[in-house]
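This report goes through selected features of one protein model. The sequence and structure come first, and the notes follow.

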Amino acid sequence: MIITDKNKLKEKCIEVTDISEGEKIAADLLSELANSKKGIGLAANQIGYDKRVCVVNVKEPLVLINPKVIDKSEETFVFPEGCLSFPNKKIKTKRHVSISVECDNMDSTLFFTAESSKMEDALECVCVQHEIDHLDGITMYDRQIKGVTIKRESKKIGRNDKVTITKGTESKVLKYKKVQPMLEDGWTLSI
């Protein structure tokens, strides 16, 4: 059963000392993930294990035992995330565009990036960061990006507002809605 109490997910998980123990936990995680029918990743502490094991299943099932992010891009991007521990909740988070991860059960470093034309690459990159965060006691709410108010620098022009347009030495005052086709014909809007 997936834990939905945010306070129980705030502790940093301890490293697995026996890879076979990690693989057993991963099998439980993959089973729980399959039962969820809508999840793409799960961390051990979400089902009651205090161990650094997580799984991701975006392109193919991926087991990460004692994962460590060893490199990350400075560049970030905003991505809408959900979590099986917080059903029906979606928030925007800021994530690194690319990361490199080492795991005790992998011979080589894994590289994940959102710099691709494939949405599944971005989704996998975000999911790996999300699940490793869980192992560090960090939830998506800790990465949430709150809305920022953007103030318009100039007054918005309404369709019935009168504006001045110019072309060479000629100028005209017209309603903005009538100006649009003229702008394509070499006229410029004077503000």
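## Basis of the model

This is a predicted model, in which local features need pLDDT of at least 70 and side-chain atom pairs count only at pLDDT 80 or more, while totals for chains, interfaces and linings use all residues. Residues are numbered from 1 along each chain as its sequence is written, and side-chain values use heavy atoms, with hydrogens and water left out.

## Helix 2

Helix 2 covers residues 119-135, 17 residues in total. Helices (H or I, at least four residues) and strands (E, at least two) are DSSP runs, numbered from the N terminus. From first to last C-alpha, helix 2 reaches 25 Å, close to the 24 Å expected at 1.5 Å a residue; the expected span is 1.5 Å times one less than the number of residues.

Buried means under 20% relative accessible area, exposed over 50%, and partly exposed in between (1.4 Å probe, protein chains only). Gly-137 follows helix 2 and has a positive phi, near 80 degrees.

## Salt bridges

The structure holds nine salt bridges, each defined as a side-chain nitrogen of Lys or Arg within 4 Å of a carboxyl oxygen of Asp or Glu. One of them joins Asp-136 and Arg-52 at 2.8 Å, N to O. Asp-136 lies in the loop between helix 2 and strand 9 (162-167) and Arg-52 in the loop between strand 1 (41-43) and strand 2 (53-57), so the pair ties together parts 84 residues apart in sequence. Asp-136 is partly exposed at 27%, whereas Arg-52 is buried at 7%.

Asp-133 forms a salt bridge with Arg-95, with the closest N and O atoms 2.7 Å apart. Asp-133 is in helix 2 and Arg-95 in strand 6 (residues 86-96), so this pair ties together parts 38 residues apart in sequence. Asp-133 is buried at 7%, and Arg-95 is buried at 3%. Asp-133 also meets Arg-143 in a salt bridge (2.8 Å, N to O). Salt bridges that share partners join Glu-81, Arg-95, Asp-133 and Arg-143 into one network.

Lys-175 lies in strand 10 (residues 170-175) and is partly exposed, with a relative accessible area of 36%.

Asn-7 is in the segment before helix 1 (19-36) and is exposed at 60%. Asn-7 and Leu-42 are 35 residues apart in sequence and 17 Å apart in space, C-alpha to C-alpha.
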